[in-house]
Amino acid sequence: MTPQPGAQSAASRRDHIEDQLGAHNYHPLDVVLARGSGVWVYDVDGRKYLDCLAAYSAVNQGHCHPRILAAMTEQAQKLTLTSRAFRHDQMAGFYEDLARLTGAHKILPMNSGAEAVETAIKAVRKWGYEVRGVPEGEAEIIVCANNFHGRTLGIVGFSTDPDAFGHYGPFAPGFKVVPFGDFDAFNDAISDRTVAFLVEPIQGEAGVVMPPPGYFSRVRQRCTERGITLILDEIQTGLGRTGKLLAEEHEGIEADVTLIGKALSGGFYPVSAVLSNADVLGVFQPGQHGSTFGGNPLACAIARAALRVLTEEGMIENAAAVGAHFLERLRALPGPVREVRGRGLMLAVELEPDAGGARLWCERLQARGLLVKDTHGHTLRLSPPLIVTRDEVDWACDQLAAVLSAA
């Protein structure tokens, strides 16, 4: 039978338009989401799914949290953007709230996480030349293999993932790559020109890779001894994801520079920030770095509400308690499970290499109403909003057990 005009479904037409007009830089699951509330999202046909990705931890507070929505709506009717050419009435409160929570002495607001990383790299190089006395153009920054700090040209130049750096060079020099969690390799890479160590507390995109116990305590001590700036990229791990406000708290250390983003806005708007001791960000003078949208009134109002929600509604404590239960349930899963790892509500299930690839299992879980993200071929990432309940975690684990036991 010849299809009649208009017979093509709205869903297939939408997919066709996306494939035809959109750059193919993502490979999403075949679900088209239309709305969300709390830990649940709904597709265009009204089907309900438990979101176990939370937009890579940007939606820690849950989808469309009413308090953040109210703050955004109120501010959007007053003043949205001034640029930093003028002061505005939301900035001081934003600084005070972040400083009170984190102990930061200097704060530089940006938009995306990658912008925060680039800002830190610029600042620490300038600090190295002007404060440490490193010869101009010779500053070195140590980074880790399998890192993920963003996708800008400067950042992918020190990635070890061929998909990230392949055919994008030439790249800026000045980076040394060492294995994540290997203190001896880090120590051996230090030279008189080392100005910083840029590292994730837990490597999220690499598959929720955990450092060995005591690793960051040793790193912190060595950085202090050698006058090296420790930069912790907490864009995914920070703001409650691991059961602490910042993941650094698990080893009782403080970074010299901390990078946050994603959940800083609760998923409503791009907001990031560089938090620093006074020395590193103190090197910037007017005109030397900036952003038209960074720290705008709308961003500050949203971020202040997102921080209040996170701390006042017990989300960090919930991440610790429910995350421990989630980890226990995951470790009891049947089927082709090679390893389970994580902290708080930042978890991963690594499957056996012969299990058919994690993407296959994400598709099977989607059919049961559970949205999970695959990474690095064989790993399922599980990071629901921090408001997820024990019962919801149990339901998610039941779905996982059902599909894995059928392997």
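Which side chains meet in a salt bridge at 2.8 Å, N to O? They are those of glutamate 205 and arginine 381. A salt bridge here is a side-chain nitrogen of Lys or Arg within 4 Å of a carboxyl oxygen of Asp or Glu.

This is a predicted model, where local features need pLDDT of at least 70, side-chain atom pairs count only at pLDDT 80 or more, and totals for chains, interfaces and linings use all residues. Residues are numbered from 1 along each chain as its sequence is written, and side-chain values use heavy atoms, with hydrogens and water left out.

**Two domains**

The protein is divided into domain 1 (13-64 + 315-405) and domain 2 (66-313). These bounds come from an automatic or database domain assignment. The contact takes 29 residues from domain 1 and 31 residues from domain 2, with contact meaning heavy atoms within 4.5 Å. The C-alpha centres of the two domains lie 26 Å apart. About 2500 Å² is buried between them, and carbon and sulfur atoms give 57% of that area. Buried area is the accessible area (1.4 Å probe) that two parts lose on being put together, summed over both. On the domain 1 side, Ile316, Arg343 and Met346 lose the most area to domain 2, together 28% of what that side buries. Between domain 1 and domain 2 the count is one salt bridge.

**Aromatic rings**

The structure holds seven aromatic pairs. In one of them, the rings of phenylalanine 183 and phenylalanine 186 have centres 6.1 Å apart and planes at 55°, so this pair is tilted. Rings of Phe, Tyr and Trp (its six-membered ring) pair if their centres lie within 6.5 Å; planes under 30 degrees apart count as stacked, over 60 as edge-to-face and the rest as tilted. Both phenylalanines lie in helix 8 (residues 183-189), three residues apart, about one turn of the helix. Helices (H or I, at least four residues) and strands (E, at least two) are DSSP runs, numbered from the N terminus. Ring pairs also link Phe180, Tyr215 and Phe216 into a cluster.

The charged end of arginine 35 is over the ring of tyrosine 42, 3.9 Å from its centre. Arginine 364 lies over the face of tryptophan 361, at 4.6 Å from the ring centre. The criterion is NZ of Lys or CZ of Arg within 6 Å of the ring centre and within 35 degrees of the ring normal.

**Burial**

Buried means under 20% relative accessible area, exposed over 50%, and partly exposed in between (1.4 Å probe, protein chains only).

| Residue | Relative accessibility | Class |
|---|---|---|
| Phenylalanine 183 | 12% | buried |
| Phenylalanine 186 | 0% | buried |
| Alanine 55 | 35% | partly exposed |
| Serine 83 | 23% | partly exposed |
| Serine 276 | 3% | buried |

Serine 276 lies in strand 10 (residues 272-276). Not counting residues up to four places away in sequence, serine 276 touches Ala104, His105, Lys106, Asp256, Val257 and Leu281.

**Backbone**

Most residues other than glycine have a negative phi, and most peptide bonds are trans. Alanine 55 has a positive phi, near 50°, and is found in helix 2 (residues 54-57). Serine 83 has a positive phi of about 65°. Serine 83 is in the loop between helix 3 (66-76) and helix 4 (91-102). A cis peptide bond joins glycine 169 and proline 170, with omega about 5°. Proline 170 sits in the loop between helix 7 (162-165) and strand 6 (175-178).
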